[in-house]
Amino acid sequence: MLGRSLREPDFETKSWLRRRMSCPPPVLKLISASPFIHYTKCRGQSLGDLDGIPIAVKDNFSTSGIETTCASNMLKGYIPPYNATVVQKLLDQGALLMGKTNLDEFAMGSGSTDGVFGPVKNPWSYSKQYREKRKQNPHSENEDSDWLITGGSSGGSAAAVSAFTCYAALGSDTGGSTRNPAAHCGLVGFKPSYGLVSRHGLIPLVNSMDVPGILTRCVDDAAIVLGALAGPDPRDSTTVHEPINKPFMLPSLADVSKLCIGIPKEYLVPELSSEVQSLWSKAADLFESEGAKVIEVSLPHTSYSIVCYHVLCTSEVASNMARFDGLQYGHRCDIDVSTEAMYAATRREGFNDVVRGRILSGNFFLLKENYENYFVKAQKVRRLIANDFVNAFNSGVDVLLTPTTLSEAVPYLEFIKEDNRTRSAQDDIFTQAVNMAGLPAVSIPVALSNQGLPIGLQFIGRAFCDQQLLTVAKWFEKQVQFPVIQLQELMDDCSAVLENEKLASVSLKQ
Amino acid sequence: MAAPMLRWGCRGRRWAFARVDGGSCHRRGAPTGSTSNQIRGESSVAQQPLHTAQKTRKGEHKWAAVVGLEIHAQISSNSKLFSGSQVRFSAPPNSLVSFFDASLPGTLPVLNRRCVEAAVMTGLALNCHINKKSLFDRKHYFYADLPAGYQITQQRLPIAVNGSLIYGVCAGKKQSQVIPKTVRIKQIQLEQDSGKSLHDNLRSQTLIDLNRAVGLLEVVLEPDMSCGEEAATAVRELQLILQALGTSQANMAEGQLRVDANISVHHPGEPLGVRTEVKNLNSIRFLAKAIDYEIQRQINELENGGEILNETRSFHHKLGCTMSMRDKEGKQDYRFMPEPNLPPLVLYDATSLPAGADPQQVINIDQIRETLPELPSVTREKLVQQYGMLLEHSFTLLNEVGLLEFFQNVIKETRAEPKKVTSWVLNTFLGYLKQQNLAVSESPVTPSALAELLDLLDSRTISSSAAKQVFEELWKREGKTPGQIVSEKQLELMQDQGALEQLCHSVMEAHPQVVMDVKNRNPRAINKLIGLVRKATQSRADPVMIKEILEKKLSL
């Protein structure tokens with residue numbers, strides 16, 4: 001199998017440019033996977049909907065026999081003995097695991113810049129669309145230092161799909177970690193309803209909000225992957241038992257006149273870039289002009305969402321990270337004067353500052369004297385936020401339309417001027433309330449910014465109305481005709497490298 | 001209250017005394033430690049009145065002790081509480097560990113239905129209110145045998161609350177009167193057991209066995225007890241209930257039942273004192289000892305002007321004292337948090353059961369109530385009613401492992417009166433067992449043999465003193481039936497009326513003075529005559545028969 005771990009430091013960062021393309025030479029068409037169809041034919045019978053389709057998996061999903069690190073020193077060298085349910089389901093359908101993808105350490109971040117393997121570079125940094133705009137810019141700096149972040153924390157998965165190394169990738173989404181990089185990388189980033197897709201094997205960030213996310217280049221692909229993943233799992237008690245309609249095919253919506261689109265007024269924040277704002281209102285206009293009802297709705301508790309998320313997230317993090325003590329798996333320090341000293345040194349060496357900071361705050365919030373004032377209050381606010389959505393949907397809204405991010409992707413050097421916590425608070429602003437409410441949401445690439453970078457908009461649906469949500473998203477995707485990333489120049493360079501080094505996967509070329 | 005003895009209906013035969021003090025009946029040099037005793041099923045409750053809390057010296061205030069218990073019972077189930085791995089006592093270390101048990105990242109708990117049913121069943125048996133909705137929480141602490149860094153328990157909303165446990169303590173001069181006592185049950189919660197740490201001090205290493213992460217029922221008893229004996233009796237009663245229900249094997253020696261005791265002393269009428277917690281008491285005898293020691297220690301401490309620290313102590317069974325465990329970190333903050341991976345546990349009853357619910361997915365409280373087996377209190381009541389025995393006898397029958405079954409088997413096979421059977425089983429049979437430190441299952445005398453013996457007695461084939469002799473022979477395990485022993489040793493009663501009359505006649509002739517006494521209406525005189533006749537028959541004649549003959553001859 002091709003499932004060789006591609007998470008060597010330079011995979012999503014530089015590799016897709018230079019080497020280690022385990023994927024065959026550039027495949028620039030969506031879905032029409034000719035080399036893989038060939039592969040399937042060689043093997044005989046088809047395993048399922050994803051037979052021969054290359055996929056990538058974020059490195060916080062357990063993969064049997066393949067190192068799973070969460071981009072942390074703590075789990076370097078940790079090889080799980082089992083597959084996450086979602087990974088197993090993809091493999092059962094015949095998907096080919098191309099590699100594990102980079103992320104922020106333990107998925108804590110919104111830039112994919114804070115992992116032990118280094119930051120993930122956004123393929124759009126090297127796109128024809130972006131480069132041409134840069135050339136027009138008089139003070140264009142050194143290309144190499146001016147690359148863009150992917151967003152995060154599933155940045156590696158987004159880069160992998162965006163750079164055509166695979167057709168679909170698994171991300172995880174706790175506060176926007178799938179939708180945010182999807183928006184920055186011009187992809188469809190789908191967060192299913194909480195409970196629709198199993199979390200078994202997903203190394204948790206916040207159990208009550210984590211959902212496996214799907215990154216693809218089009219909505220139909222996302223639906224196909226969702227069809228393969230959705231359904232109850234006896235190993236995850238939080239999955240719902242309602243049977244799922246399969247196959248998960250999306251109808252083509254001919255007419256949106258029966259739809260009601262809600263525009264949450266609280267999402268119009270001062271920090272929102274004018275470009276995103278204008279695309280947002282254009283999108284609303286588009287729906288209206290096609291006959292949909294577009295109304296303003298209020299989600300009054302939105303502004304409390306970030307701080308509430310901070311308390312709940314760090315508390316669960318403090319708890320979930322307790323198992324990493326160096327005793328059974330992962331990193332262990334050399335200190336052995338006492339078990340306590342070993343714990344302390346192991347955890348200091350194993351976790352980065354972001355993780356340690358969240359563990360500290362979380363433990364503070366969970367202290368007996370603070371529990372009522374922080375954790376319990378945050379839970380109550382969470383309920384209010386969830387109720388905001390319920391009220392909006394009860395008022396007749398079918399889907400909500402919002403921005404996904406404040407702006408397009410920023411250069412790495414710009415991004416790291418603020419710390420992880422500030423960035424996460426800014427970048428999760430439109431996405432993370434959805435996780436509190438467990439709703440399905442999808443980011444759809446809409447258009448390129450003045451700089452030639454993708455901008456995405458988010459649709460939020462009713463709980464477990466994932467199919468309806470994707471149907472609307474599919475209609476919208478068709479209307480906006482988002483341009484394909486143009487990497488031809490790079491791919492040509494790359495092919496030359498590949499021919500020299502014969503690194504390409506032989507099995508696919510035969 | 002005087003120190004209650006827990007051994008009902010066996011006056012003057014304080015078995016453990018015999019064992020600990022006597023020495024004369026030590027077979028095979030049984031150690032005075034209780035290892036053998038423990039393994040045998042927790043029947044030996046504290047034997048000596050070591051409790052002195054209520055003792056007062058002149059001019060001193062009276063002290064009262066307050067004891068509450070936290071009891072952890074391992075649920076008997078085939079698989080663990082949150083994973084599908086097997087449960088088996090004494091399996092090789094770490095041979096029954098699933099990915100979840102090892103807390104591999106990404107694994108999730110899945111609740112074991114059997115454990116929930118066991119908790120509901122136990123709750124019902126202990127008169128608890130069963131919460132239709134209960135929640136799971138994480139309790140955090142770092143310890144090597146707790147691989148996840150937290151234990152999943154039910155802190156906020158446990159599965160059962162507000163119950164009661166009725167147990168009986170013995171009172172009265174002869175410890176023969178059973179007084180029912182009630183201890184309130186605060187809650188019963190489901191929780192996951194930790195792994196086991198084995199400390200190898202020699203090589204200064206700790207070995208971890210994760211086999212043990214099975215389901216636990218934590219039963220919290222309110223501080224309604226006042227001494228070691230009460231606590232021990234309450235735990236013994238709970239143990240019997242769990243065993244009757246089959247929800248836990250509750251064998252303390254195997255760690256299936258572990259007790260932590262919270263103890264404080266105060267002057268009646270004043271606020272409660274600072275309490276200490278004595279942890280991990282693993283036999284009922286040590287439980288009583290540890291509590292009584294701790295009560296006395298606290299009294300001494302306070303009377304000498306000291307103060308009691310709120311601390312955790314352990315009981316050192318060889319030294320017979322409690323010692324501070326010296327928690328370095330002081331009071332732990334467990335940072336409780338809801339367990340996000342387990343939805344609320346919802347139970348149903350007949351009225352709330354949703355139509356068309358999958359019976360595999362729901363638990364019906366009413367259905368479980370219908371399957372409740374007979375509880376020890378009912379069994380005892382039945383014994384009293386059916387066989388006319390004293391309540392304290394019924395306690396003894398249940399408290400000794402296997403004794404009730406033995407008794408019932410004898411009853412089934414014998415024609416003898418139940419009262420006779422009770423007396424023989426509780427006095428003679430149990431007496432022999434205790435004297436030789438044997439369990440019922442190790443008895444050399446089978447129920448059938450005892451039944452046959454009692455039949456012989458009942459049919460007046462042998463006298464009761466001969467019966468004792470036969471019993472002693474049976475105990476030697478020579479494989480003979482009572483009938484064989486009787487005929488070999490010629491222990492049958494003289495059935496020949498003529499011969500007996502002849503004997504009576506000669507005795508009367510030989511003792512004219514006694515005959516005179518009888519005629520002079522001295523009531524004791526006839527007994528003397530009976531005795532003389534029996535002696536002449538080598539105790540083989542039935543005294544009743546002798547009396548009849550004598551009375552006829554003396555024309556009384």
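This is a predicted model: local features need pLDDT of at least 70, side-chain atom pairs count only at pLDDT 80 or more; totals for chains, interfaces and linings use all residues.
Local features were considered at pLDDT of at least 70 and side-chain atom pairs at pLDDT 80 or more, whereas totals for chains, interfaces and linings use all residues. Side-chain values rest on heavy atoms, with hydrogens and water left out; residues are numbered from 1 along each chain as its sequence is written, and chains are lettered from A in the order in which they are written.

Between the two chains, 39 residues of chain A are in contact with 29 residues of chain B, contact being defined as heavy atoms within 4.5 Å. The buried area (the accessible area, with a 1.4 Å probe, that two parts lose on being put together, summed over both) is about 2800 Å², and carbon and sulfur atoms give 57% of this value. On the side of chain A, Ser237(A), Arg323(A) and Gln328(A) lose the most area to chain B, together accounting for 21% of what that side buries. Zero salt bridges were counted between chain A and chain B, a salt bridge being a side-chain nitrogen of Lys or Arg within 4 Å of a carboxyl oxygen of Asp or Glu. By contrast, 18 residue pairs, both at pLDDT 80 or more, are in polar contact between the chains. A polar contact is a pair of N or O atoms within 3.5 Å; within protein, one must be able to donate a hydrogen and the other to accept it, and residues adjacent in sequence count only if both atoms are side-chain atoms.

The side of chain A that touches chain B comprises 18 nonpolar, 13 polar and eight charged residues. In this classification, Ala, Val, Leu, Ile, Met, Phe, Trp, Tyr, Cys and Pro are nonpolar, Asp, Glu, Lys and Arg are charged, and the others, Gly among them, are polar.

Over all chains, the structure holds 30 salt bridges. One of them joins the side chains of Asp220(A) and Lys474(A) at 3.3 Å, N to O. Asp220(A) belongs to helix H7 (residues 219-229) and Lys474(A) to helix H16 (residues 466-480) of chain A, so this pair ties together parts that are 254 residues apart in sequence. Helices (H or I, at least four residues) and strands (E, at least two) are DSSP runs, numbered from the N terminus.

Ser112(A), although not a glycine, has a positive phi of about 55°.
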